[in-house]
Every structure is written in C-alpha cells, then in structure tokens.
Amino acid sequence: MYRFEYQAPDSLEAALGTLRENEEAKIVAGGMTLLPTMKLRLARPDLLIDLNRIGSLAGIEGNSNEVTIGALTRHADVAASDVVQNHIAGLAALADSIGDPQVRNRGTIGGSVANNDPAADYPAGLLGLSATVVTDRREISADDFFTDMFETALEIDEIITAVRFPVPRRAAYAKFPNPASRYAIVGVMVVDTGSEVRVAVTGAAPCVFRATEMEDILLKDFSADAILSVEVDGSEFNEDIHASAEYRAHLVNVMARRAVSAAS
Amino acid sequence: MKVSFSVNGKDVSGDVEPRTLLVDFLRDELGLTGTHVGCDTSQCGACVVHVNGRSLKSCTLLAVQAQDSEVTTIEGLADGDKLHPMQAAFREEHGLQCGFCTPGMIMSAIDLLQNVPHPSETEIRDWLEGNICRCTGYHNIVKSIQTAAKG
C-alpha cells in the first residue's frame, strides 16, 4: 500500500469533521473491500478515518413492521441475529452468504452498501426489500441510492449511519457464487411485500437492478414455474473470466426461480 | 505511530506505519511466523488469527486497527508441550501435508466449534470457504475437525 495517515475517532461528529477538512481522506469500516483495494494500489487515500471505535453505529433493532441495522454491524451479527431471523429471514441468509466466516466477522453493511460493488450481495437485498439508507444528514430510498457501478447517491463526505428495512410478507435470496471469492456471479433477491413483488438482481450488470418483467408475472402468480420462460436481456451484462454475459443472463432466471421457491 | 495490544496473553507494543498489516507485524516485529501470507487478496485464509475471540484475516487488517485488542495466533494455542485439542486432532487425522494452510485452518476451525460445537460435515465444509488448501483435498482436514468436535 502507499503510505497514509490514520485516525480512529470515537464520535461520528469527529469523523465527519475530519472528512470535511481532508479531500483525500477515506473512511474505513470493516475494510474488507477498501484494504484489499489499497493493497492492489487501486486506491490511495492520504488519510484513513477508522469508524470502528464508534460503537453507536452498530446494533440491530426491530419489530414486526421494520428492522433497523446500524451501519457498522458485522455481516456475521446480521446473520446470527434473532431479530433479523424472525422478521426478515431472507436477509439473515443473504448476510450469511457473504464472503467467508472471517470476512463476515469484520465486514459491515454500511461499508458494503456505500461501496456498491456490482457483485456484492447487500445491494440486491436493499433494493429488493425497498430499504432506506439513513445517513448523517438525510434518508435515501434504495431505489434512489444505487446509481452506477461503485457509485451511490452519497455525497463525498456523507456517512451512512443505519439501514432500515420494512418487514416483507416473504423474501429470499439465491446466489451463484464465485468459488474462490464467493462474490455473486449472479444473486437475486425476491420479495413479496404484501402489495408488490420486487426482484433485485446483483452480479449480472454494472449495477443492481430490478427485473420488472419477472415482478409483473410473480405478482399474479408467485411460483417458480410462472417465470420459467422469462429471458432477461443480457446485452449490457458483465462479461469476465468467470462468466459470459449470456451465462449471467441464464443464471438470472435460475437464481430468480430458486429464490421464489425458497420464499414460498 | 504507536500501537499496543496483547498477543497470546502478552502485552506487546510497537511503532509502525499505519500501512503495516497485522500479519506483517506479527511475523516481522514479533517473530510469530506461524501465521502465513498466502494470497494477499483475502481469499486463502493462511493468515487467519483470532482478534477478541473472532477469527479474522490478518492480511486484511492494519496493525493499528488491533489497538487494545486481544490477538491469538497459532503459537498461542498449546499449553507448554500439551497441544490444543484441535492441533492434536490435525496430527492424529493427518490433516496436513505441507502445512502452509494449517495454522489458518486450525484457527478457523476453533472459531467454528465456538459457534457450532457439533457441526455437520456440510457445516464444516461451508465454514472452511475462507481457507484454501492445495495439498490435501480437504478430506482429512474435515476429519480432523470432526475428531476435535467429539472432544
């Protein structure tokens, strides 16, 4: 890594203050994306502001209407949480599928969401569940939050503090993981909110998106068979050594059907 | 900058650049070379240690991030000459060949049994997703963990 300075403030206000004063500073939460990126020299912040001492940013609370997860909450804790398992089991399972146990012990929902990796799992979870991203200054709906590959609606010095999820009627996540990194080659979150069906796809395209044709069909008939012959347009899909765009398009259908079956 | 934490029950301190990785601090500053650098991309798990009781990849942590923590490495498991039950199980079941992945496997497996005392074979194999072995085909690693779980 290139050299950098490091600070670990113990309050959000202190972190925001430092971030505002220093254009080349970056905040680090779990570091499971930022540190590998810096090791590859793809990022070189002058200053790292470590949020891990700000305990108030972690925690899970919820009831039968909504579940709120603090930005610094580790994936392992979301997966193991009684509150999440009882109210949004599909989200607990999604968190349990991220990376590997050591990554899950450290990685955070705030970090994953702010980064918006095209192959990350949480963006599909948030978009599918119609979540709200809460920051130090406003609230942003998932529909408006994920704007492009590695890009979000966040301002340059804005810090996520929590993510709030309405409790759905049923929801499940199905993923075809890369065997080594376990990133989603394709991951689909299917959610029946009670009034609509949302199908959020990650891994396939540069940014998470909703498969609206599947949503319309599933609203009338929530079954895997109902979307059996739906083909998604893979012409803009990602193409790399792991999978072609065509294969990803095929996987979207397979994972969507698996998610529907799991949610039923 | 100054950093201080405890490793295997002993207080340690150092003056490091922020960019010093925890794995490099353990190996180069403290001479604890049982923790290995394999892939350097957070995938292989040869660097797994425990920080405050949870298994983490020390190649993806800065030494300064371990401030005030309790770190356990492979060197901290045995009680004098008496092997930790997980180490004993790996020896008994021939759970290693070259040994490069082994410290990470053992540290990871100990965390598994903390979470799930009697894991199924599937649960063991799923847990080891973050640990890659080139030699053994994982078969005896799984057996070692099953043996250790029997207690």
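**View 1. A:Asn116 in the loop between α7 and α8 of chain A**. In this predicted model, A:Asn116 counts as buried because it has 24 C-beta neighbours inside 10 Å, and the cut-off for a buried residue is 20 or more. The loop that holds A:Asn116 runs between α7 (109-115) and α8 (122-129) of chain A. A:Asn116 is not a glycine, yet its phi is positive, at about 50 degrees.

**View 2. A:Phe150 in the loop between β8 and β9 of chain A**. The two strands on either side of this loop are β8 (146-148) and β9 (151-152). A:Phe150 has a positive phi of about 60 degrees although it is not a glycine. A:Phe150 counts as partly exposed because it has 14 C-beta neighbours inside 10 Å. A residue with 12 or fewer such neighbours would be exposed, and one with 20 or more would be buried.

**View 3. A:Tyr173 in strand β11 of chain A**. Strand β11 covers residues 170-177. A:Tyr173 has 31 C-beta neighbours inside 10 Å and therefore counts as buried. Leaving out residues up to four places away in sequence, A:Tyr173 touches A:Gly90, A:Ala93, A:Leu94, A:Ala124, A:Gly125, A:Gly187, A:Met189 and A:Ala259.

**View 4. Helix α5 of chain A**. This helix spans residues 89-96 and is mostly covered, with 6 of its 8 residues buried. The buried residues of α5(A) are A:Gly90, A:Leu91, A:Ala92, A:Ala93, A:Leu94 and A:Ala95. Among the residues that A:Tyr173 touches are A:Gly90, A:Ala93 and A:Leu94.

**View 5. B:Leu30 in the loop between α1 and β3 of chain B**. Here the loop joins α1 (22-29) to β3 (48-51). B:Leu30 has 17 C-beta neighbours inside 10 Å, so B:Leu30 counts as partly exposed. Apart from residues up to four places away in sequence, B:Leu30 touches B:Val7, B:Val12 and B:Phe25. B:Leu30 and B:Cys101 are 71 residues apart along the chain, and their C-alpha atoms are separated by 20 Å.

**View 6. The buried residues of helix α2 of chain B**. Helix α2(B) consists of residues 85-92. Which of its residues are buried? They are B:Met86, B:Gln87, B:Ala89 and B:Phe90. Seen down the helix axis, these buried residues fall within an arc of 160 degrees, so they line one face of α2(B). What covers them includes α3 (102-115) and α5 of chain B. Just after α2(B), B:His94 takes a positive phi of about 55 degrees.

**View 7. The crossing of α2 and α5 in chain B**. The axes of α2(B) and α5(B), the latter made of residues 139-150, come within 8 Å and cross at roughly 135 degrees. The two helices are therefore oblique to each other. The crossing is right-handed. From α2(B), the residues B:Pro85, B:Met86, B:Ala89, B:Phe90 and B:Glu92 meet B:Ser144, B:Thr147 and B:Ala148 of α5(B). By class, this contact has 5 nonpolar, 2 polar and 1 charged residues.

**View 8. The crossing of α3 and α5 in chain B**. The axes of α3(B) and α5(B) come within 11 Å, and the angle between them is roughly 45 degrees. These helices are therefore oblique to each other, and α3(B) passes α5(B) in a right-handed crossing. On the α3(B) side the contact is made by B:Met105, B:Ala109, B:Leu112 and B:Leu113, and on the α5(B) side by B:Ile141, B:Ile145, B:Ala148 and B:Ala149. The contact residues divide into 8 nonpolar, no polar and no charged.

**View 9. The contact between chain B and chain A**. Chain B contributes 23 residues and chain A contributes 22 residues. On the side of chain B that touches chain A, the elements that give two or more residues are β4 (54-57) and α3 of chain B. β4(B) gives the most to this side, with 4 residues. By class, this side of chain B has 7 nonpolar, 9 polar and 7 charged residues.

Key:
Residues are numbered from 1 along each chain as its sequence is written. Chains are lettered from A and ligands numbered from 1 in the order in which they are written. This is a predicted model: local features need pLDDT of at least 70, side-chain atom pairs count only at pLDDT 80 or more; totals for chains, interfaces and linings use all residues. Axes are lines fitted to C-alpha atoms, for helices over the stretch in contact, and angles run from 0 to 180 degrees between N-to-C directions. Angles under 35 degrees count as roughly parallel, over 145 as roughly antiparallel, 65 to 115 as roughly perpendicular and the rest as oblique. A crossing is left-handed if the near helix is turned anticlockwise from the far one by less than a right angle, and right-handed if clockwise. Two residues are in contact if their C-beta atoms, placed from the backbone, lie within 7 Å. Ala, Val, Leu, Ile, Met, Phe, Trp, Tyr, Cys and Pro count as nonpolar, Asp, Glu, Lys and Arg as charged, and the others, Gly among them, as polar. The arc is that of the directions from the helix axis to the C-beta atoms.
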